[in-house]
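Hello,

Here is the structure I said I would pass on. My notes follow below it.

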Amino acid sequence: MKQLLRYCFVLCSLAFAGVAVAQDRTVSGKVSSSEDGSGLPGVSVVIKGTSVGTATDANGTYKLSVPANATKLVFSFVGFLTKEVDVGGLSALNVSLDPDTKMLSEVVVTGYGSQNKKEITGAVSSVKGDVIENLPMQSFDRALQGRAAGVLVQAANGVPGGQVRIRIRGTGSITAGNEPLYIVDGVQINNSSNADFVSSNPLGFLNPNDIESIEILKDAATASIYGAQAANGVVLVTTKKGKAGKTNFNLNYYYGSTSPVKYMNVLNSQDWIKVRTEAIRNQNPALSEAQARTSALTGIRLDGGLSDAQIAALPTYDWQRAAYKQGGVQNIELSANGGSDKTTFYISGSYNKQDANVINVDFERATLRMSVNHKVSNKLSFEQSINLSTISQKGTFGSPNGGSFLGSPYFASPLIIPTNPIYNEDGTYFGTPQAGGISGVLNQNILLTAETNTIRNVTNQAVGNFKLIWSIAEGLTFNSFFGLDYRVIKGEYYADPRTADGFAVRGRLTNENEQSMNFTTNHTLNYNKTFARDHKIGTILGVEYRNDVRESWNQQVTSFATPQFRTANGGATPQSASGFWTGYKRAGVFGRVNYDFKGRYLLTATLRYDGSSRFGANQKFGFFPGVSAGWVISEENFIKDKVSWLDEIKLRASYGATGNDQIGDFDSRGLTGGGFNYIGQAGIAPNQLSNPNLSWEKNVTTDIGIDLGFFNRRITATVDYFDRQSKQLLLNQPVAWTSGYGDITANVGQMYNRGWEFGINTTNLTIGDFTWKTNFNISLLENKVTKLVGSDTVLASNTSVRVGHPIGAVYTAEYAGVNPATGRPMWYDINGNPTYTPRNPTDFRVLGSSFATRFGGLTNTFAYKGLELLIFFQAEYGRKVANGQSSFLSENGGRLFNTLQEVYDRRWTTAGQLTDVPRPINGNAEVRGNGATGGSRFFEDASYIRLKQLSLSYNLPNKLISRAKLASVRVYAQATNLLTFTKWSGYDPEFLDTGAGNNGVVPQSRTYNFGINIGF
């Protein structure tokens, strides 16, 4: 009996053990990303219908005890689509998760945080990093051109790494700054370009390929959280961060060439001698043709008795093709990112070098960037990043403070008399200063100057930040942020004694050294809570402090024993030494509240109270409020799920005020300056009157917009109307001379910008693996000055600023053409009658503006399997600008400059001839028009449409590259500035007009490059 019981016990034990074994088993595997196959740490793995689960480790692997009756496992991870997988009787289960592209695309960075795009009630444009990837442009601001509605991007010139101007919704100031506030990973960047000898861009420190996204805050309600520095908009740059998982490497390399977009068609030696002879005879009809020709020949150091055959045999020297050249482009980058569920990192290094399309102008940069995010605990984490860069740029004579534009190779090369050789027969330079130079007004050998002088700028910069994040309680977070932008600029300009600029002093060296430190810190308290399911609230309260200081010194020495010694200790005669210090401080408190009811009704209120050391003692602080609201109509019950083709209708409206403090650091102060020396003793004296009431320029903007989505978001569109009122503009107001001063800076001017912005994205065609997508944006803008000092209608210091007209008004005499009987140029007087001598200002009137009224971009992307073709056009319309170089090239022998072939062919030669080009006249007295300097004749339409980018890329199939254990391989080819459609007769219509038109401006380059991107 006992044995039977013992036997039954054993059987029962085995049965229960079998049941236990049948009920529980271990399932293990790896969870990876479908994008690159990397393991995903921290993925939630849960048995469906239960709370039993686990999370993947740093490599993406997991192990979970699963009951026998479990049928599915649920895998979920932030940023990826949740996946349910049948577990069946499996013990090994590997899963691949797809990115949630919809979720990722809807998150937009805003002031001191981020929001879901559906919740945004202001006007924000977003440009993703992959849109500007691998463009041969050294700064991200230039790459934004044509890609965001309401954002006008204009390159100052074609210098690689050169200055760029961004205007967001027009020009908001007359004398203060118009640049937006740039913030890179929370660090407010000092965007002042302080390099003296080259065209330098302070945003060139950052490799554009390190950028994840760029957001542009355009309306005042959204930007008002930045207060006194946000009047011109805010550009928020977010760089790439590490992703948890195995370490992924990416190698990117491209190589290419640059070339001139255009050459000027100028006269050969024979035609130039002919037109110069005509000009001399027209000035002095008593001369015979032979006498006039003799004068023309001797004026350029040729034998006055040359016969027709000898003149016909004269060579023509092409200075343009000697100065303009084909250059190189090369870029290499290596990045790595990865980490665990606790720590992620991203590190990248890059080298970029690009030549301009003119001799001895280039850009060279090396960068190193590192970002680390670490989760100390469930309550505490920190983020840290640093970007180190060194930039070297070469320039030529004619660069900023590097000599007159008349000696620059890009300006002078088409103007030099074509009879001048470039080199002597032995290969040495022709026309050295010792030999008396070359003939003509431009008497320097520009190749000699460009190749022997040294004009160089080196910028070393460090931009870093540290952020501490403390989760105090559910929904309540405290952030503490510290940022630094530190920059050192070293400039060198050595005028070689073999050139005209250094010949008389046996060489001249000028050095500059400048350093700037911009420190920012802010501390915010964030609270987010959902009440009763339908009410969602988000708040932020913060304080901020910024300290920006800059100091500089420079020196100049002359008298060098030999050009081989080019440092200061090689010069025998010190000429000057000087230096300065400047700085400002800003502090503010701010707050914002976001309210969302059922995802239908949205409300945002913002307030900032800012103070700046730049303003008067009575006006150091100011309030900058903003309010915006949104109504998501598509979420209403009367339309939701009832119109299948409608995805989104959201109405937006906003109103807010922002300030502009981009003025001199001490403009409100009564100042005393040095330099008033007497009998060898140092002296100082008052030199500026104080204004304790000097305050901010204020921009008040109203914005109304609508966001639309149709056909499962195959079509999305955004339309905005804005009215930007600029008030309290800073102008110089005259004061009584008895005060000892001429004027004082005061808040007296007014101006407005109004306009429309349109943006549309469409998926035009999807057939199998083929897709065609289009992105289009256009902005229509009106600008008008409404008030100046007192009753003045014209700004005394700048006649292009006039009440009732756009800023940059073209105010001159209107050109009426040529009198067919005499060949003399004419202009219209105040009554519309032709005259030879227009009177200033009686006969002058506004004939246009340099202000662009329309601009935009159009991108078409065609994709088939791994092949992609991108075609991007960019356009700008409405600018009327002086073509200064063309005025020189149109003198037709009036002075010793070469001339355009077209102008020569159309010149007046006989009575009764109908043409717009007057007769050649020595000295150009007739064509100047009594001080009108040609009037409107040389103001041209600078509108253009440009094929900005054409790129073709191919992603190699995974089956092919997996054999080499690679994650991705992409090869690509692209070209920029391929075609330009314009009426502009100069080299290039895109440049910044600083009063001299396009004189001395390096034109844009056409570039071609080929590259490969490898992920492993």
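Please keep in mind that this is a predicted model.

I began with the sheet. Strand S1 covers residues 24-33 and is joined to S7 by 3 bridges, the two running parallel. Within that pairing, Ser33 sits opposite Leu97 of S7. The sheet as a whole is open and has 3 strands in the order S4-S1-S7, with mixed pairing. S4 (61-67) and S7 (95-97) are the edge strands; each has a single partner strand, so one side of each has no neighbour in the sheet. From one strand to the next, the twist averages 35°.

On domains, the chain is divided into domain 1, residues 23-97, and domain 2, residues 107-244. Taken over C-alpha atoms, the centres of domain 1 and domain 2 are 41 Å apart.

The other element I looked at is helix H5, which has 15 residues, 269-283. From the first C-alpha of H5 to the last is 21 Å, close to the 21 Å expected at 1.5 Å a residue. At its N-terminal end, H5 is capped by Asn268, with a side-chain oxygen 3.3 Å from the backbone nitrogen of Gln270.

Which residues of H5 are buried? They are Ser269, Asp271, Trp272, Ile273, Val275, Arg276, Thr277, Glu278, Ala279 and Ile280. The cover over these buried residues includes helix H6 (289-298), helix H7 (308-312) and helix H13 (901-906).

Regards

Methods
Residues are numbered from 1 along each chain as its sequence is written. This is a predicted model: local features need pLDDT of at least 70, side-chain atom pairs count only at pLDDT 80 or more; totals for chains, interfaces and linings use all residues. Side-chain values use heavy atoms; hydrogens and water are left out. Two strands pair if DSSP finds at least two bridges between them. Helices (H or I, at least four residues) and strands (E, at least two) are DSSP runs, numbered from the N terminus. Axes are lines fitted to C-alpha atoms, for helices over the stretch in contact, and angles run from 0 to 180 degrees between N-to-C directions. Domain bounds come from an automatic or database domain assignment. The expected span of a helix is 1.5 Å times one less than its number of residues. Buried means under 20% relative accessible area, exposed over 50%, partly exposed in between (1.4 Å probe, protein chains only). Contact means heavy atoms within 4.5 Å. A polar contact is a pair of N or O atoms within 3.5 Å; within protein, one must be able to donate a hydrogen and the other to accept it, and residues adjacent in sequence count only if both atoms are side-chain atoms.
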